[in-house]
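These are my notebook entries on a structure that I examined part by part. I record what I looked up and what I found.

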Amino acid sequence: MKSAKSKNLEGDLAAIVGAEFVSSEPGETAAYGADRSYVPRKNPDAVVRPQTREQVRAVVRWANRTRTPLVPVSSAPPRFRGDTVPAAGGVVVDLSGMNKVLRVDRRNRVMVAEAGATFEDLAPLAEAAGLRMVGPLLPKAGKSILASVLEREPGIAPRYQWDVSDPLCCMEVVFGNGEFFRTGEAAGPGGLEAQWKIGGAQKFPCGPHQLDYHRLVQGAQGTMGVATWASIKCELLPSVSSLFFLCHDELAPLVSYAYKAVKRNVGEELFLANGKALAMMAAADADQAARFAHGFPSWVLVHVINGFERLPEERVAYQTADAADLAQDCGLALKKRVDGLGSASFLKRLRTPGAKPYWKHAAKGASQEIFFVTTMDRAHQYLPIVFNEASRAGYPASDIGVYLQPMVQGSSCHMEFVLPFDPEDERDAERVREVFFSVSRALLAAGAFFSRPYPAWAADVYRARSDAVIPLRRVKSVFDPNGVMNPGKLCF
Amino acid sequence: MPLSKDVYRVFEDIVGEKNISDADVILDAYTFNWLVEFHPGCAPGKYLQNRPLAVILPGSAGEVQAIVRACNRYGVKYKPSSTAYGSHAFSLQEDVLHIDLKRMNRIIDIDAKNGFAVVEPYVPWCQLNAEAMKVGLFGTAHQAGSQASALANVTSGWGMNTMGNHGGHNAKNALGVEWVLPDGEMIRLGPPDAWFTGDGPGPSLRGVMRGHVGALGGNGVYTKCAVKLHHWPGPSTIKTAPGGVFSGYKLAEPLERARVYMVDTPDYETLADLMYALGDAEVCYAIMRVGGPEHAFAILAGAISNQTLVDWHEAGMVEAAANEWNHPLIALLYAESDREFAYQEKVFHQVVEECGASIPVAVQVSPFKDLLEEEFAIFLIGNDTHWAHHGGGFLISAGYMGTTDSVIRHMGYPAEKLKMRYVERKGILADGPDSTYHNSFEHNAYIYKELEFHYDAANAYSVEECRRLVAEERDTNREQKDGFECQDIGLCLGDARMTIQERFAELGPLYGDFHIWQERMKRAFDPNDVADRSTYGIGTAARNLKV
């Protein structure tokens, strides 16, 4: 039954977006009150689904007047990280209805998409224009592109990532105080179309002038404002591609190869995984994941070499020859097949956003993820910490998927541990819960840098970083002086 | 008001007697720099009006922090600088302590595997690159020259550079940073004990550190920084030999798997097509321009003498080039393997031909061929920009970032017409219509471009003409809504119509009220208003803004 508070909210918000786009029905609000993380359930009082940027601004202004917390959400469920679970009730701003791809610009290799547009929405449009977005590894179905870049999810082609903020170019944001702002080259004058008319394409991300606003919205988990659209850097669509597996029992030779290949711009997509993780990425179901995992080598590096518009076969040929030389230097070999998994079928899967099952759930139907940023040469230090902690809690280390994604042209590395579990098995789920927290604590104690501190980690991370808390709170006070944006997250 | 003896002693206690001074002879050295003649009250060739209160030279981050804390305690404004190229490196307001970071000049570490170097503020790009090349890495030296501080370039100043097509804009090349905030607190961007990233936890405070333009000392002091380096396919040292046409030295031996090309395009439309196609093809380590043939010759001759340019004109060299070339582009191909180089060459020539561009006959034979291969390669790699200051005065109308199409639309034909009107009025050097310098970034994802012109810094008419030219260029931009002005690299120069602070205040509403947002951030981070604001946002006028 709706509370009087909910009814009041609903009335106010209906006046802004229309009654059909707001709900305080418990059945609907409950869908936003929890996710697959360990954040305690807290249902919002209402859900509002704005359809325009003006409506978004009106909602934020209303929230400031009424001091109502707002939680922006743009990806479809299931959600995993707790950042969109309201810590203090309030209103969820569901942007999934604003899902248009506003422009795909081949000449400038960029596209502009609203907050709710997903990887699946963009892929065919980009492809038709001869482009692609080099996004994160196997994004889940319904994942918002804008949410992904705001979360700084690493793309799988590190040589195209000059900066951790890539491929985000510009965006429009309604800051927590209710003011519109466009970041970077998009700042002005005029709106998108006026800028397109004079050859602009919202490509240069920095500024305007002496602040980089996009960096302060990225990684903020919706605590600074609501982004309504973003321009995203694209790359040419390959016309020829060749995927290789490089395998070894040890991580070190693969890391050596990764450094060399990324630095020398050999190939594009490149990541490392243990056999378990690769099995999850490649499998169509749990049985196949188990079969793959059984036969896969301990460590695999996946490398894709592409040809584009000009002399594509020649490009693939010379780069393959160069890659083979690098591999030989590292005591490795390029392979087109790894125990039952062919390169062509895996490449197809890699390039199918939203493919099901979501790879992290392929082994047992659910999983927890622990990730942080390090460097490739430090990665091996974290393996025993995780495996030992898991074993201590009775969780088999052999079940843990490990994914290493070189970032920012090889200067750093996203390191991720995936802990699969059977959601129907309470004991299994409880055991993973225990492992998740004990491993997280152990990693933090060992100095792992949780650059994206989702709620499960935020308190511990910021407790150790008081130097960062004060300046971050100053930033928060500038953009969201009344603290209406997603309170209870990060250090706010 | 001068520093009281007591306060002076506080600073002296921090750095020692030898590292602080308020002697006139020292202070005057901090009032003369490139472009001072454009500031109010500065006649051509004269000094800035304001001397600093004192100049202090800290030797460590701890000393910097102590100085900034003392500034907060005693209400002393401060302005930090490192290699200080340009008048923006000095405060434009009165009663400011100048913190010169020149004693902090160490390369702390080069992490060859992960591709970055940790440096202090006074490490110039040439020092860093000399070390980086030994381990197969290379930094994107600022186009202001290799003498410029790498740290200042990635944290505090501008990001343009000649190697950006491969290495990116330097606003994107900062990793971990050690930062003494305006109030004296010290923070590390990124992890507390490593330098591989400067982002997080959570939102990246790099967004406060700098934007398209750095804070120019208006937001605290950056005391260490990890600078991202890029793969260097060349030798561990570049050997030079005496000789060459204009620089006095040249490559002792050719670089392997490297070639510098000059490609000409008949018009700006073709130039844009060529740049997009080269960007798509990803075969160039560097793509840049130094303008049309007359401007290029003026710059090259400037390295030798003014008479050299006269000689070249009289010998018909400049005119011959001007007759054959229109809008040339410089490209550096540099490959890791012979296979890659062969592919680059093949694709490069295919692109040139398909776009309707050409490689002029003159640059395929001596002496221009030698000049490109033996000297221009050094210019690109070493980024030696002393050539630019021909005649004693060198100015740019504004620097713009944007897509190739949008920038060329604004800086192509309209800029030529504008410049030639001023050439006819004899206020600036007559070095042809096309004098637009540019760099490409991230495979031509966006470009930087500036209209360059030479003037006489000691001549009042010449300086005034420059001020008028800059004003007219900015006003035209506004009228046409070209949308670049806010991305002006902000050399903090006024023009004939208004001060730069007035202009930024006028621009603010067109660009999301950025000046108000900046002032909000300034007040949040600098509650005592001691970090020099004369080159931050709309300057001292911002104190009166209602935010």
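**Entry 1: Cysteines**

In general, a disulfide is a covalent bond between the sulfur atoms of two cysteines. I note that this is a predicted model, in which local features need pLDDT of at least 70 and side-chain atom pairs count only at pLDDT 80 or more, while totals for chains, interfaces and linings use all residues. Residues are numbered from 1 along each chain as its sequence is written, chains are lettered from A and ligands numbered from 1 in the order in which they are written, and side-chain values use heavy atoms, with hydrogens and water left out.

Cys170(A) is buried at 0% relative accessibility, and Cys413(A) is buried with a relative accessible area of 0%. I use "buried" for under 20% relative accessible area, "exposed" for over 50% and "partly exposed" for values in between (1.4 Å probe, protein chains only).

**Entry 2: An enclosed helix**

I turned to helix α9 of chain A, residues 275–282. Helices (H or I, at least four residues) and strands (E, at least two) are DSSP runs, numbered from the N terminus. How many residues of α9(A) are buried? The count is 8 of the 8, so α9(A) is largely enclosed by the rest of the structure. Among them are Lys276(A), Leu278(A) and Met281(A).

**Entry 3: Two single residues**

Leu70(A) lies in strand β3 of chain A, residues 70–73, and counts as buried at 0% relative accessibility. Leaving aside neighbours within four places in sequence, I listed its contacts (heavy atoms within 4.5 Å), including Val59(A), Val91(A), Val484(A) and Pro487(A).

Tyr74(B) lies in helix α3 of chain B, residues 61–74. Tyr74(B) is partly exposed, with a relative accessible area of 39%. Not counting residues up to four places away in sequence, Tyr74(B) touches Val7(B) and Val10(B). The C-alpha atoms of Tyr74(B) and Val10(B) are 9.8 Å apart, and the two residues are 64 residues apart in sequence.

**Entry 4: A helix pair within chain B**

I examined α9(B), residues 293–302, and α10(B), residues 306–314: they pack at an angle of about 135°, with axes 7 Å apart. Axes are lines fitted to C-alpha atoms, for helices over the stretch in contact, and angles run from 0 to 180 degrees between N-to-C directions. The two helices are therefore oblique to each other; angles under 35 degrees count as roughly parallel, over 145 as roughly antiparallel, 65 to 115 as roughly perpendicular and the rest as oblique. Phe297(B), Ala298(B), Leu300(B) and Ala301(B) in α9(B) meet Thr308(B), Leu309(B) and Trp312(B) in α10(B). By class, 6 of these residues are nonpolar, 1 is polar and none is charged; Ala, Val, Leu, Ile, Met, Phe, Trp, Tyr, Cys and Pro count as nonpolar, Asp, Glu, Lys and Arg as charged, and the others, Gly among them, as polar.

**Entry 5: A helix pair between chains**

Finally, I looked up α11(A), residues 312–329, and α12(B), residues 338–354, whose axes come within 9 Å and cross at roughly 160°. These helices are therefore roughly antiparallel to each other. Their contact has 3 nonpolar, no polar and 7 charged residues.
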